[in-house]
Amino acid sequence: MNAYTKEIAELDKIVRFMESKVEVWTFSRLLNDVYEGAEPLSRRLAQKLSAYDPAESPEAIKRKVRNWLHDRNIPQNREELFKICFALELPEEKANAILNAAAESGFHYRNPKEVIYAFCLRTKKDYPEAVRLVQEFRDGTPAGTSEETSGGPAFPMTGSIRNECKRLRTEDELAAFLTQNRESFGTFHNTAYRKFRKMLDYLSAPQPHAQLDLPEEQAYSVERIVNEYLRLGVPYDRKSVCYSSVTREIKRHWPSAKSLGEMLSRKRDVERKTLLLLYLVTGGMGTLQNEGGTCFKEHVQKIDLMLTECGMCTLNPHSPFDYLLLQAIRTSGEEESWPARLEWMLNRIFGKEAVWVEAADRGGKKLPDMEEEMC
């Protein structure tokens with residue numbers, strides 16, 4: 001069996017394993033895991049959410065809760081996730097787990113609104129009290145993004161802001177904290193944006209010695225980067241009825257030219273899946289994977305560090321996308337094999353005819369054999 005055939009067989013085995021044996025994360029299971037009340041979870045959520053939104057039909061709220069608990073869908077915005085956390089009276093750390101799992105980033109401690117929500121959960125205040133505090137402090141805190149420029153102010157590191165925030169216990173302390181850090185607040189993650197821009201620039205304006213075979217005379221547009229490097233065969237259609245929970249989870253937050261452009265112009269925050277895909281297609285920003293380069297475990301550590309610095313959850317093998325990503329980088333060899341391997345598995349999962357790019361189309365580079373032992 002040649003290297004190509006062995007590689008295809010190994011990737012096919014990975015896909016079959018994921019579809020049959022990998023225990024996939026579900027929103028309903030997470031809710032049941034974090035909830036410690038005696039009242040049935042569905043009743044608790046329906047009653048509290050109805051109290052938070054008296055204008056919404058109680059039947060509509062019950063239907064929404066049923067959909068969540070039967071994993072038909074998950075909340076589509078962070079505000080709804082915060083309401084759930086308050087409804088279940090979750091401590092700050094468990095609320096952070098809900099945010100990380102469903103929205104792919106935990107509390108943003110540079111966002112004054114989320115600082116107030118974290119404070120209220122920590123001090124056992126309910127959602128209406130949190131909304132009151134947000135409105136009370138709204139005029140004293142900015143709503144935009146805080147930018148850190150080379151000539152601008154030196155803002156405190158997010159880690160120190162987070163640690164200081166977690167020590168707040170009274171409304172007076174909260175008020176002083178919001179006033180003191182007013183200039184460094186913003187709604188978007190600056191660290192994530194800096195890393196996003198660095199990897200995007202690597203793709204759009206490749207250097208002569210870059211690891212990727214891109215023409216140096218031409219900068220790539222956002223649309224071309226998405227179509228040629230980030231789409232990887234994932235369908236564009238928005239309908240989810242025909243997809244399984246695995247494929248729906250993989251498609252969720254998959255970048256498009258529109259979303260990437262909005263992240264670039266800071267109309268929306270940088271998303272976790274986009275950062276991970278950029279790391280994959282840039283080969284860890286050109287870090288060698290072959291002998292003498294960076295091994296699998298070191299790449300995992302680099303990715304987890306990047307995600308932690310950006311306030312996002314680290315790699316989770318029970319997440320379908322994370323599992324595929326881990327399998328795509330689970331080899332030593334040339335980094336072009338990373339996106340190629342992921343694309344083959346995605347084509348297999350979404351039911352397309354898997355077309356493997358021949359070695360001739362890859363500049364004569366062949367796929368390496370899968371190593372049984374990871375460094």
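## Ser-28 and its contacts

In this predicted model, Ser-28 touches Trp-68, Leu-69 and Asp-71, once its neighbours within four places in sequence are left aside. Ser-28 belongs to helix α2, which runs over residues 27–34. With a relative accessible area of 9%, Ser-28 counts as buried, because the cut-off for that class is under 20%.

## Lys-64 in helix α4

Lys-64 is part of helix α4, which covers residues 58–69. The relative accessible area of Lys-64 is 18%, and this residue is therefore classed as buried, the limit being under 20%. When neighbours within four places in sequence are set aside, the contacts of Lys-64 are with Glu-56 and Glu-80.

## The buried face of helix α8

Helix α8 spans residues 127–137, and its buried residues are Tyr-127, Ala-130, Leu-133, Val-134 and Phe-137.

## How helices α12 and α14 cross

Two packed helices are described by the angle between their axes and the distance between the axes. For helix α12 (residues 222–230) and helix α14 (residues 257–264), the axes come within 9 Å and cross at roughly 125°. This angle makes α12 oblique to α14, and the crossing of the two helices is right-handed.

On the side of α12, the contact is made by Val-222, Glu-223, Val-226 and Leu-230, while α14 contributes Ala-257, Leu-260, Gly-261 and Leu-264. By residue class, the contact of α12 with α14 consists of six nonpolar residues, one polar and one charged.

## Ser-244 in a loop

Ser-244 is located in the loop between α12 and α13, the latter helix comprising residues 245–251. Is Ser-244 buried or partly exposed? Ser-244 is partly exposed, with a relative accessible area of 37%. Although Ser-244 and Phe-350 are 106 residues apart along the chain, their C-alpha atoms are separated by 9.7 Å.

Note on methods:
Residues are numbered from 1 along each chain as its sequence is written. This is a predicted model: local features need pLDDT of at least 70, side-chain atom pairs count only at pLDDT 80 or more; totals for chains, interfaces and linings use all residues. Side-chain values use heavy atoms; hydrogens and water are left out. Helices (H or I, at least four residues) and strands (E, at least two) are DSSP runs, numbered from the N terminus. Buried means under 20% relative accessible area, exposed over 50%, partly exposed in between (1.4 Å probe, protein chains only). Contact means heavy atoms within 4.5 Å. Axes are lines fitted to C-alpha atoms, for helices over the stretch in contact, and angles run from 0 to 180 degrees between N-to-C directions. Angles under 35 degrees count as roughly parallel, over 145 as roughly antiparallel, 65 to 115 as roughly perpendicular and the rest as oblique. A crossing is left-handed if the near helix is turned anticlockwise from the far one by less than a right angle, and right-handed if clockwise. Ala, Val, Leu, Ile, Met, Phe, Trp, Tyr, Cys and Pro count as nonpolar, Asp, Glu, Lys and Arg as charged, and the others, Gly among them, as polar.
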